[in-house]
Amino acid sequence: MSAGGIETLGDLRGKRVLVRSDLNVPLDGDRITDDGRIRASVPTIRRLSEAGARVVVTAHLGRPKGAPDPAYSLAPVAARLGELLGRPVAFAEDTVGPSARRVVQGLGDGDVALLENVRFNEGETSKDERVRGAFADDLASLVDAFVSDGFGVVHRKQASVYDVATRLPSAMGALVGAEIDVLRRLTVDPERPFVVVLGGSKVSDKLGVIDNLLGKADKLLIGGGMVFTFLKAQGHEVGKSLLEEDQVETCRRYLTEAAERGVQILLPTDVVVDTAFPSGDQEPTPRVVAADAIPADALGLDIGPDSARAFAAALSDAKTVFWNGPMGVFEVPAFAEGTRAVAQALTEIDGLSVVGGGDSAAAVRTLGFDEASFGHISTGGGASLEYLEGKVLPGIAVLER
Ligand code: ADP
Ligand code: MG
């Protein structure tokens with residue numbers, strides 16, 4: 001069975017609807033530095049509001065330790081959400097306490113409220129089903145129905161994602177629906193050539209994806225910090241570059257397996273190195289070296305220009321691309337060119353280009369690309385990776401029951 005959209009909830013006029021959104025935005029003090037996730041959450045909230053529902057949004061921010069912490073208050077997010085919606089958003093100073101009850105009670109048809117950070121409650125992320133369940137009971141008692149729209153959290157078995165859906169008539173929001181559609185197109189009979197580009201910092205985060213996609217992709221391009229474990233697996237020295245020694249053997253096995261299956265794995269032939277990891281107070285001194293000749297005192301921080309060209313060429317005829325993880329330390333301009341080249345190549349393909357991963361999405365925006373020139377920019381790094389690993393996402397499965 002597949003989960004239904006909000007139309008399956010029937011006439012929403014006057015109904016109180018809890019929406020789990022992903023509003024986990026980066027903050028500098030109380031200034032929101034990237035409101036991408038808030039903007040992505042607006043369509044579902046707006047649709048519910050226009051249908052006359054009394055919309056109660058719940059979300060988390062950061063990782064508070066199951067208790068209130070002003071540093072992680074959603075108050076600035078409520079203000080920004082109101083601006084984007086073009087209507088006031090009532091803010092409850094707790095999640096299921098007296099303030100939440102008062103705010104929800106005060107809602108008229110079409111009104112929108114945001115509850116304080118759901119992770120201020122230990123029940124939200126508790127591994128103890130009873131503790132989580134009790135909190136889910138409190139959340140469910142505020143409303144009449146539930147809409148799951150926080151794609152960034154659907155891989156989590158948490159009260160506001162999973163348990164609450166077992167207690168209320170529930171539906172899938174537009175954002176989660178769109179994300180799942182795209183992921184399905186990547187995994188069920190993708191149009192070929194299907195090219196997967198992986199980068200980012202940790203190889204161990206991405207092993208499951210490599211494992212699952214080796215059987216589906218035509219080409220796998222690898223860059224970023226994780227590439228050095230692969231270069232090591234090929235017998236090269238990587239100097240002071242990021243290296244996960246305990247994954248070298250696994251990477252070697254993937255290289256062999258790819259060769260056997262006829263999947264092309266492309267690794268960089270040159271890398272941009274420096275003698276230290278970039279820090280604010282020191283001018284970077286980048287230089288390009290061959291990938292098989294990284295000096296012992298250097299660390300690789302980006303793929304080199306030859307590799308960037310080769311990666312772009314390998315992408316040029318792709319009909320489906322999934323990209324997760326920057327090619328280098330894109331936060332520093334001297335090490336951003338590999339990431340820029342891959343992003344540029346994705347914008348030029350004649351087919352479906354998907355960007356997954358928090359930092360990859362941020363890279364696309366920071367480097368000044370127009371989001372509309374990509375087929376899809378996913379809002380959930382962990383969730384898309386788990387889906388592509390072939391894992392069941394609890395927050396989706398619970399809607400399909
Ligand atoms: P995503 O969030 O897109 O899944 P990751 O979290 O896996 O991506 O990785 C992003 C981080 O990887 C970025 O902060 C980037 O600076 C870092 N990174 C990329 N290349 C390297 C490298 N060669 N050495 C160290 N860190 C790197
Ligand atoms: Mg990340």
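**Figure 1. Surface and overall build of the protein chain.** The accessible surface of the protein chain comes to about 16,400 Å² (Shrake-Rupley method, 1.4 Å probe), and carbon and sulfur atoms account for 48% of that area. This is a predicted model, in which local features need pLDDT of at least 70, side-chain atom pairs count only at pLDDT 80 or more, and totals for chains, interfaces and linings use all residues. Residues are numbered from 1 along each chain as its sequence is written, chains are lettered from A and ligands numbered from 1 in the order in which they are written, and side-chain values use heavy atoms, with hydrogens and water left out. The chain holds 14 helices and 17 strands (DSSP runs, H or I of at least four residues for helices and E of at least two for strands, numbered from the N terminus). Of its 401 residues, 56% are buried, meaning under 20% relative accessible area with a 1.4 Å probe, protein chains only.

**Figure 2. The open six-stranded sheet.** Its 6 strands pair in parallel, in the order β5-β6-β4-β1-β7-β8; two strands pair if DSSP finds at least two bridges between them. β5 (89-92) and β8 (170-172) sit at the edges with a single partner strand each, so one side of each has no neighbour in the sheet.

**Figure 3. Phe322 in the nonpolar core.** The largest nonpolar core has 75 residues, and Phe230 and Phe322 touch the most other members. Such a core is a set of buried Ala, Val, Leu, Ile, Met, Phe, Trp, Tyr and Cys residues joined through side-chain atoms within 4.5 Å. Leaving aside neighbours within four places in sequence, Phe322 has contacts (heavy atoms within 4.5 Å) that include Leu186, Phe194, Leu213 and Leu388.

**Figure 4. The loop between α6 and β9.** Pro193 lies in the loop between α6 (174-187) and β9 (194-198), and a cis peptide bond with omega about 0° joins Arg192 to Pro193. Asp189 is found in the loop between α6 and β9 too. Asp189 has a positive phi of about 55° although it is not a glycine, and is exposed (over 50%), with a relative accessible area of 70%.
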